[in-house]
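Visitor: I am new to this structure and would like to walk through it slowly. Could you show it to me first, and then take my questions one by one?

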Amino acid sequence: RTRAPGPAGGCAGGMEHVAAAGGDTDRGRRRCAPAPRGPPADPRARESPAATPPSMSAEGEDAASSRASSRWRRAGGAVRAQVAVAKVLASVPHGIDGDTYFTRIPGEVRAGVPLLHEVGHTVCRAVLRLVVQHMLQGTLPTDEQFSAFQQGLDVEPPKVGTIYTCLLAMVRTAVRNRSKVSVVQRDLLEMQVPEEVARDVVSALRGKRLDMEAAALRSRLRFPRMQRLRWRVDVTISTSALSHVMRPSVLMEMTLDDNTVHTFELSVEQFHRLRYDVAKVLHDMQALDRHPVMLLTFDMDKRHFDESQK
């Protein structure tokens, strides 16, 4: 077995002649390994993972950002759903007007109930005290009084006005309809009014109902009442056309509770007609009071009023 060096630029291993025993050298096998082109490769490079193409890396980042944005969207949707549920629970439900002591729930009550949950119990109690105070006086607060009241509260002035109107409607309707306090409390809770505010309204009705009813009667819209009546009889002796008349007449002067004075003159015939009409009205009123239906109504009103005090 002989080995001859290969020519320059030939095979890296040169030319190798292998002769078997008794064989010709031309029949030897010729093997040639490819010549290396460049420095030898690092063995550790074979063990390292293949580098990720730039396009694959960008696609992975996009997918990760998409998953993150979807998670944020789901979280934001959950928060919005919770806020929507809280708003529903803090507002007056629809379709319950006929089941409450309101004939129709006013818009100011629907607008004020969410604010009762927002501002807190302390502010609601202060506004309720102001409502009861003006109900007892039979008047509404002036702009100066309400502005001074708003300055003592850490709440926006429009919200204070809405809460005042809401509580005033609740108390005034209960007093006007003479609703039982148990019914008022039940209906306020059904209208999603906070439990503490409902208890305060019921306590105010229990303690000041009679006084507020008396003030409401004094301040209700009605015709003026007569406070004083004066009269005298005049006799017309003569006129410019007749020298002898001798005709009597009645001169009447009425003073009303709004401080207005009305003076009028009646002939004898007109005075008797007025006297007859007044007597007939009094007789009809007495007959109406004695009617069985009115007696039953009076008994029901008395029972309803007694139950409202419990």
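Visitor: Leaving out residues up to four places away in sequence, which residues does Thr100 touch?

Guide: This is a predicted model, in which local features need pLDDT of at least 70 and side-chain atom pairs count only at pLDDT 80 or more, while totals for chains, interfaces and linings use all residues. Residues are numbered from 1 along each chain as its sequence is written, and side-chain values use heavy atoms, with hydrogens and water left out. Contact here means heavy atoms within 4.5 Å. By that rule, and not counting residues up to four places away in sequence, Thr100 touches Ile105, Asp187 and Met191.

Visitor: Where does Thr100 lie, and is Thr100 buried or exposed?

Guide: Thr100 lies in the loop between α2 (54-89) and α3, where helices (H or I, at least four residues) and strands (E, at least two) are DSSP runs numbered from the N terminus. Buried means under 20% relative accessible area, exposed over 50%, and partly exposed in between, with a 1.4 Å probe and protein chains only. With a relative accessible area of 10%, Thr100 is buried.

Visitor: How are the rings of Phe146 and Tyr164 arranged as an aromatic pair?

Guide: Rings of Phe, Tyr and Trp (its six-membered ring) pair if their centres lie within 6.5 Å, and planes under 30 degrees apart count as stacked, over 60 as edge-to-face and the rest as tilted. The count by this rule comes to three aromatic pairs. For Phe146 and Tyr164 the centres are 5.4 Å apart and the planes make 75 degrees, so the pair is edge-to-face.

Visitor: Which parts of the chain does this pair link, and which residues form the aromatic cluster?

Guide: Phe146 sits in helix α5 (residues 143-151) and Tyr164 in helix α6, 18 residues apart. Phe146 counts as buried at 14% relative accessibility, and Tyr164 is buried as well, with 6%. The one aromatic cluster they belong to is formed by Phe146, Phe149 and Tyr164.

Visitor: Why is one side of β3 and of β5 left without a neighbour in the sheet?

Guide: Two strands pair if DSSP finds at least two bridges between them, and the open sheet has three strands in the order β3-β4-β5, with antiparallel pairing. β3 (226-236) and β5 (261-267) each have a single partner strand, so one side of each is left without a neighbour, which is to say that they stand at the edges.

Visitor: How many bridges join β3 to β4, and how many join β4 to β5?

Guide: Strand β4 covers residues 247-256, and in it Val250 is the bridge partner of Val233. On the other pairing, Met252 has Phe264 in β5 as its bridge partner. The antiparallel β3 and β4 are joined by 10 bridges, whereas β4 and β5 pair over seven bridges.
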